[in-house]
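Colleague: I have not looked at this one before. Can you walk me through it?
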Amino acid sequence: MEQATSLDLVHAKMVLETALLASQEPLALADLKKLFDDDLGNETLRKVLEDLRTDWEGRGVELVNVASGWYFRTRPEYQKFLDRLSPQKPPRYSRAVLETLAIIAYRQPVTRGDIEEIRGVVVSGNIIKTLEARGWIDVVGHREVPGRPALYATTRSFLDDLNLRSLEELPPLEDLGALVDSTGSAELPLADEAADGVGNANDDMVAEPAEPSEESAAPAASEPKLESARLH
């Protein structure tokens with residue numbers, strides 16, 4: 001019986017490996033369980049996934065667990081080689097966009113007014129639209145005050161792009177840039193000026209923007225290269 005169970009788990013691992021390699025998006029445990037006729041418990045499924053992750057150690061790709069589920073990605077140290085196949089530089093986000101994202105991530109849910117109070121400048125509607133278009137933030141409700149302003153929070157896509165499973169895994173704010181850089185999902189040149197591409201120095205819509213608070217400061221960053229980091 002034990003031998004049969006062992007063989008079944010080996011087969012299950014092969015099925016999981018095949019599905020994860022074929023998928024273009026992370027797969028949650030609920031989705032992975034649909035692969036099997038018999039009910040595979042969550043703990044057993046996690047054990048098989050961890051075994052599969054171990055099998056891929058030391059190779060150019062790795063199995064990771066993020067907010068939306070499990071997926072294979074290119075190891076960060078090999079991403080630079082894949083970039084040679086697609087030398088186009090990704091769009092870059094201004095410091096204003098990254099500051100706004102940081103405030104939403106660490107203070108969520110927040111309104112546009114909350115963001116403006118922390119940053120000390122008017123928040124351009126283009127900044128909010130940029131973050132919504134990227135899939136990093138969404139409206140999760142409205143504050144019950146006059147005008148019922150929208151409340152913004154980060155999404156699962158935001159966590160997935162940083163290879164995080166939950167908001168509890170976010171580092172101290174001052175270490176956010178280092179985290180994004182270490183995941184291989186984004187490049188973070190620590191420049192003060194806004195970069196070419198998405199967002200610009202006029203995003204704040206003020207002639208002389210106030211100095212952002214230390215709490216909300218975040219470096220300029222390029223768009224995460226998530227698509228090239230995956231195996232599809």
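Modeller: A cut-off to start with: buried means under 20% relative accessible area, exposed means over 50%, and partly exposed lies in between. Also, this is a predicted model.

Colleague: Fine. Where does R148 fall on that scale, then?
Modeller: R148 has a relative accessible area of 43%, so R148 is partly exposed.

Colleague: And which residue does R148 meet in a salt bridge?
Modeller: E144. The side chains of R148 and E144 meet at 3.1 Å, N to O. E144 is at 62% relative accessibility and therefore counts as exposed.

Colleague: How many salt bridges are there by that rule?
Modeller: The count comes to 14. One of the salt bridges joins R143 and D114, with the closest N and O atoms 2.9 Å apart. That pair links distant parts of the chain, 29 residues apart: R143 is in the loop between β4 and β5, and D114 is in helix α6.

Colleague: Is D114 buried or exposed?
Modeller: D114 counts as buried, because its relative accessibility is 18%. R143 is partly exposed, at 30%.

Colleague: What about R75, which residue is its salt-bridge partner?
Modeller: E62, with the closest N and O atoms 2.9 Å apart. R75 sits in the loop between β2 (69–74) and α4 (79–83), while E62 is in strand β1 (residues 61–66). Both R75 and E62 are buried.

Colleague: Change of topic, the strands. How many bridges join β4 to β5?
Modeller: Five, and the two strands run antiparallel. β4 covers residues 137–142. G141 stands opposite L151 in β5.

Colleague: How many of the residues in β5 are buried?
Modeller: Five of its five, over residues 150–154.

Colleague: Which ones point which way from β5?
Modeller: A150, Y152 and T154 point one way, and L151 and A153 point the other way. All of these are buried.

Colleague: Now the helices. Which residues of α3 are buried?
Modeller: L45, V48, L49 and L52 are buried in α3. They cover an arc of only 100 degrees around the axis, which puts them on the same side of α3.

Definitions and conventions
Residues are numbered from 1 along each chain as its sequence is written. This is a predicted model: local features need pLDDT of at least 70, side-chain atom pairs count only at pLDDT 80 or more; totals for chains, interfaces and linings use all residues. Side-chain values use heavy atoms; hydrogens and water are left out. Buried means under 20% relative accessible area, exposed over 50%, partly exposed in between (1.4 Å probe, protein chains only). Helices (H or I, at least four residues) and strands (E, at least two) are DSSP runs, numbered from the N terminus. The arc is that of the directions from the helix axis to the C-beta atoms. Two strands pair if DSSP finds at least two bridges between them. A salt bridge is a side-chain nitrogen of Lys or Arg within 4 Å of a carboxyl oxygen of Asp or Glu.
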